[in-house]
Amino acid sequence: MALPPAAPERQLKHRRRIDVQVHSRGNGLWEVDAEITDVKTRDVMLAGGMRRAGDPIHDMLLRVVVDESFNIVAAGSETRAMPYPGQCDDHEDAYARLVGLNLMRGFRRAVRERLGGVAGCTHLTELTQVLPTAVVQAFAGEVLNTREGGESDDQPFQIDRCHALRSDGPVVQQFYPRWYRGMPDPAAAPSLSKPEQARQP
């Protein structure tokens, strides 16, 4: 895959960090903390006053509690740094509206309906978009079957959920052969003995 080369004269102006941590409560519920920070490399004058280089423009936390069926049972947010104090965080915690949504069933569309535009904060709403795949990663091997073998007859969760793990692709053929749905490999077919060949129509 081609990566555009980095220009030797480039200068860092802005850094955004997104950090997601998923914690098991041990009672069938999981806490997901998603944080976003924006930092400038220079002093900037904001409506609320001067923000020094290295001090966050945005520092926000979104926390959701999910069960092992991906249902959100509690949600809320905290805004610790913002460009418009008293305004950016004046949404009466709109993110409680995430309760009742399922991360794997129409989640992103439902978020747009409940929190899009002026109904929420641009940056907190953006954070919601990373929740489904982060929780899938946390659940993999603990809540979700991701293995070829084992006692379960269920197809491993990750198959047909990305390009590399398509059921007719080489990764599934090699690592999850039971679930491979592509063309059979002629080289892998058992060869027939001469008497068996003679009986073939």
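This is a predicted model: local features need pLDDT of at least 70, side-chain atom pairs count only at pLDDT 80 or more; totals for chains, interfaces and linings use all residues.
The side chain of Arg 51 reaches the backbone oxygen of Met 82 at 2.9 Å. Arg 51 sits in strand S4, which covers residues 49-51. A polar atom of its side chain also lies 3.5 Å from the backbone oxygen of Ile 57.

What about a partner of opposite charge? Arg 51 is buried but has no salt bridge. The nearest side chain of opposite charge belongs to Asp 55, and it is 6.3 Å away, while a salt bridge needs the nitrogen and the carboxyl oxygen to be within 4 Å. Leaving aside neighbours within four places in sequence, the residues in contact with Arg 51 include Arg 42, Asp 43, Val 44 and Leu 46. Pro 56, Ile 57, Ala 81, Met 82 and Pro 83 are in contact with Arg 51 as well.

Next come the aromatic rings. The structure holds two aromatic pairs. In the pair formed by Phe 70 and Phe 139, the ring centres are 5.0 Å apart and the planes are at 50 degrees, so this pair counts as tilted. Phe 70 is in the loop between strand S5 (56-67) and strand S6 (72-81), whereas Phe 139 is in helix H3 (residues 131-139), so the pair ties together parts that are 69 residues apart in sequence.

Now for the nonpolar residues. In soluble globular proteins, nonpolar side chains tend to be buried together. Here, the largest nonpolar core has 28 residues, and Val 66 and Leu 98 have the most contacts inside it. Strand S2 (29-40), S5, helix H1 (107-115), helix H2 (122-128) and H3 each supply at least two residues of this core. H3 gives the largest share, with five residues.

Val 66 is worth a look of its own. Not counting residues up to four places away in sequence, Val 66 touches Gly 28, Leu 29, Trp 30, Val 32, Asn 71, Ile 72, Leu 103, Val 135 and Phe 139.

Note on methods. Residues are numbered from 1 along each chain as its sequence is written. Side-chain values use heavy atoms; hydrogens and water are left out. Helices (H or I, at least four residues) and strands (E, at least two) are DSSP runs, numbered from the N terminus. Buried means under 20% relative accessible area, exposed over 50%, partly exposed in between (1.4 Å probe, protein chains only). Lys and Arg count as positive and Asp and Glu as negative; His and the chain ends are not counted. A polar contact is a pair of N or O atoms within 3.5 Å; within protein, one must be able to donate a hydrogen and the other to accept it, and residues adjacent in sequence count only if both atoms are side-chain atoms. Contact means heavy atoms within 4.5 Å. Rings of Phe, Tyr and Trp (its six-membered ring) pair if their centres lie within 6.5 Å; planes under 30 degrees apart count as stacked, over 60 as edge-to-face and the rest as tilted. A nonpolar core is a set of buried Ala, Val, Leu, Ile, Met, Phe, Trp, Tyr and Cys residues joined through side-chain atoms within 4.5 Å.
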